[in-house]
Amino acid sequence: MNPPPDSFAVIVVGAGHAGCEAALAAARLGAPTLLVTLNLEHIAALSCNPAVGGLAKGHLVREIDALGGEMARNTDAAGIQFRLLNQGKGPAVWSSRAQVDMDLYPRRMRRVLMEQPGLWLLEAEANELLIDHGRVAGVITHLGHAIRSQTVVITAGTFLRGVVHVGLRQRPAGRLGDPPSNALSQQLQALGFSLRRLKTGTCPRLDRRSLDLEGLPLQLGDPAPRLFSFLSDAPSLPQVGCWITRTTARSHAVIRANLDQAPMYAGVITGVGARYCPSIEDKVVRFPERESHQVFLEPQGLNNQLIYPNGIPTSLPLAAQVELVRSLPGCQRAHLVRPGYAIEYDMSDPQDLTPDLQSKRLAGLYLAGQVNGTSGYEEAAAQGLMAGINAALASQGREPLILDRGRAYIGVLIDDLVTKGTAEPYRMFTSRAEFRLTLREDNADLRLTPIGRELGLVDDQRWRVFCAKRAAMDRAWERLEGVRLNPTPGLNQRLVELGLAPLRGPQRASELLRRPGLDLKALVGLDPALEGLDRLPAAVVEQLEIRARYAGYEQREREQVARFRTLEATRIPPEFSFSGLPGLSREVQEKLNRVRPTSLGQAGRISGVTPAALMVLSLHLARQGRPPA
């Protein structure tokens, strides 16, 4: 690689999941990029559980991949168990999850970063932002080294004034074993950024050799797993299971006896914790009627003796943690290699950001990940990808990329943050998306890969794979639409044998495929004209079956998306003043001024902006030459 330039287009601060995606996206778009991190050995560290994906989170990872990001490919390369969740429900809520090797995952990501042209890495602490005429101009490291850039992306995770708690003992840390970033947090506060305290936690780590796993139920992955990346075919590593145990009455007694030593209950922690990932202390206190809670004993890697007891995040004192763990079946002799802990840290109010994740207070500054109040690797990576894209585009004088709520879960995530804000760690759920049938995991490439190609993130290999898949789907659908099956005695007899009602009149093959209980393989057996369709790649077959079965629902949802985009198309100029508008209450005016929505649609999603207020705003915009939607 050539020596680094004197200044950069993009500087990314932090090399967690958000920082890795931001740096790679910016560099791949041709923007000279510097990634600054406290410790090069901890790039893409899995600070909490050894898993990627899960309910709705899997959607984010697939979308990252479709746009040309790295998380999915990294997960597939390090995956040691893959499962598709919610298979008993409809495809809109199917979600992929993988357990990964916690050693291999960061190692591969570090190699990808180091081999990326146009990306340089620096081990240092970014202590201060350089500011020039009201916009960011670079960073100053802890050694006083000033590095200039056109844009800066902060992906500080839990490091801003981070404090780790184990019982009533606490120490400044970004995570256990890493120092916090205090100076940058102090500067942001001095610049007027609205900072609040959040809290998250993690589980203790156990020595596998000290556990008695033989009598515990074993949970295996799917026998024919679907991987995350649209470029992956099969797992590259041996696949393993995890074991299931449960808390007991003794576990709950230990927790209740030590609540006065739990920092959340002793008043030591002031930050707000995650509602949907509570500590085991919270579970026991909030759900006293529950006799036990499930715990998954997950291997942290193929060549790693550590076990992650997923389900008991805790910040109890060490002695209480030992007693708690040893109360679990199979863990009676458990040795704790590392205690669980809570971490308290600063977040910046995401309502201070525009939809491209740029700060409203400091031009050229982008924020992504847990610093915006989210929880989870996947939410962080999705924001990092978008912040890196938009920082690079800004440095090149190009328009930002903003994905709306009808295009991607990434769009739902970012719109929720910048429009509604969050008072607690935000977690993505399928229920947050209005257009779930449109935003499925399986069609993320069809929705987003053309956008990634137009940007310059999707390389030739990915584009060839995508085009081949799309062409195969189109050809197969034409055949399904073109073949008509007639209600002959032989055909109807075969339908009855399949447990289906006979035909009463001619029907296109695509229409017949809508019937519950009939898959493409069975359909092909009904007419020689369909021969070969069942031998198409599994991803194509899946798309054809979903398209047939949900055609009517998808059409209705497309109409809803079109109405949604009509409101989004009514733009609100940046200089528009909401103050003093006749017909709007003072409360609505204050909320509009706080968020500064960029469209009539975004204004309507602000809490407290009523349909009547939206109509008044629409009329005011019409008087300025922007017709109401």
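**View 1. Asn258 and what it touches.** Setting aside neighbours within four places in sequence, Asn258 is in contact (heavy atoms within 4.5 Å) with Leu316 and Ala320. We're looking at a predicted model, with residues numbered from 1 along each chain as its sequence is written. Local features need pLDDT of at least 70, side-chain atom pairs count only at pLDDT 80 or more, and totals for chains, interfaces and linings use all residues, while side-chain values use heavy atoms, with hydrogens and water left out. Asn258 is found in the loop between H6 and helix H7 (280-286); helices here are DSSP runs of H or I with at least four residues, strands are E runs of at least two, and both are numbered from the N terminus. At 19% relative accessibility, Asn258 counts as buried (under 20% relative accessible area, with exposed over 50% and partly exposed in between, 1.4 Å probe, protein chains only). For a sense of span, its C-alpha atom is separated by 62 Å from that of Leu523, which is 265 residues apart from Asn258 along the chain.

**View 2. Helix H6 against helix H8.** H6 (residues 249-257) and H8 (residues 318-326) pack with their axes 8 Å apart, at an angle of about 165°. Axes are lines fitted to C-alpha atoms, for helices over the stretch in contact, and angles run from 0 to 180 degrees between N-to-C directions. That angle makes H6 roughly antiparallel to H8 (over 145 degrees; under 35 is roughly parallel, 65 to 115 roughly perpendicular, and the rest oblique). The crossing of the pair is left-handed, meaning the near helix is turned anticlockwise from the far one by less than a right angle (clockwise would be right-handed). On the H6 side, Arg250, Ser251, Val254 and Ile255 do the touching, and they meet Ala320, Glu323, Leu324 and Arg326 in H8. By class, this contact has four nonpolar, one polar and three charged residues; Ala, Val, Leu, Ile, Met, Phe, Trp, Tyr, Cys and Pro count as nonpolar, Asp, Glu, Lys and Arg as charged, and the others, Gly among them, as polar. Also in H6 sits Ala253, which is partly exposed with a relative accessible area of 42%. Ala253 and Ser327 are 74 residues apart in sequence, but 9.9 Å apart in space, C-alpha to C-alpha.

**View 3. Helix H2, its covering and its partner H3.** Helix H2 (residues 57-66) is mostly covered, with ten of its ten residues buried. Even Lys57, Arg62, Glu63 and Asp65 are among the buried ones. H2 and helix H3 (residues 71-78) pack at an angle of about 110°, and their axes are 7 Å apart; the two helices are therefore roughly perpendicular to each other. Val61, Ile64 and Asp65 in H2 meet Met71, Ala72 and Arg73 in H3. That contact divides into four nonpolar, no polar and two charged residues. Just after H2, look for Gly68, which takes a positive phi of about 105°.

**View 4. The largest nonpolar core, seen around Leu365.** A nonpolar core is a set of buried Ala, Val, Leu, Ile, Met, Phe, Trp, Tyr and Cys residues joined through side-chain atoms within 4.5 Å. Of the 99 residues in this one, Leu129, Leu365, Ile389 and Ile410 touch the most other members. Helix H9 (residues 377-395) supplies the largest share, eleven residues.

View 5. Beyond residues up to four places away in sequence, it touches Ile572, Gln589, Leu592, Asn593, Arg596, Pro597 and Leu617. The C-alpha atoms of Phe578 and Ala408 are separated by 30 Å, with the two residues 170 apart along the chain.

**View 6. Positive phi at His133 and Arg161.** Most residues other than glycine have a negative phi. His133 isn't a glycine, yet its phi is positive, about 55°. It is found in the loop between strand S7 (126-132) and strand S8 (135-141), and at 81% relative accessibility His133 counts as exposed. Arg161, also not a glycine, has a positive phi of about 50°. Its place is in the loop between strand S9 (146-154) and strand S10 (163-166), where Arg161 is partly exposed, with a relative accessible area of 31%.
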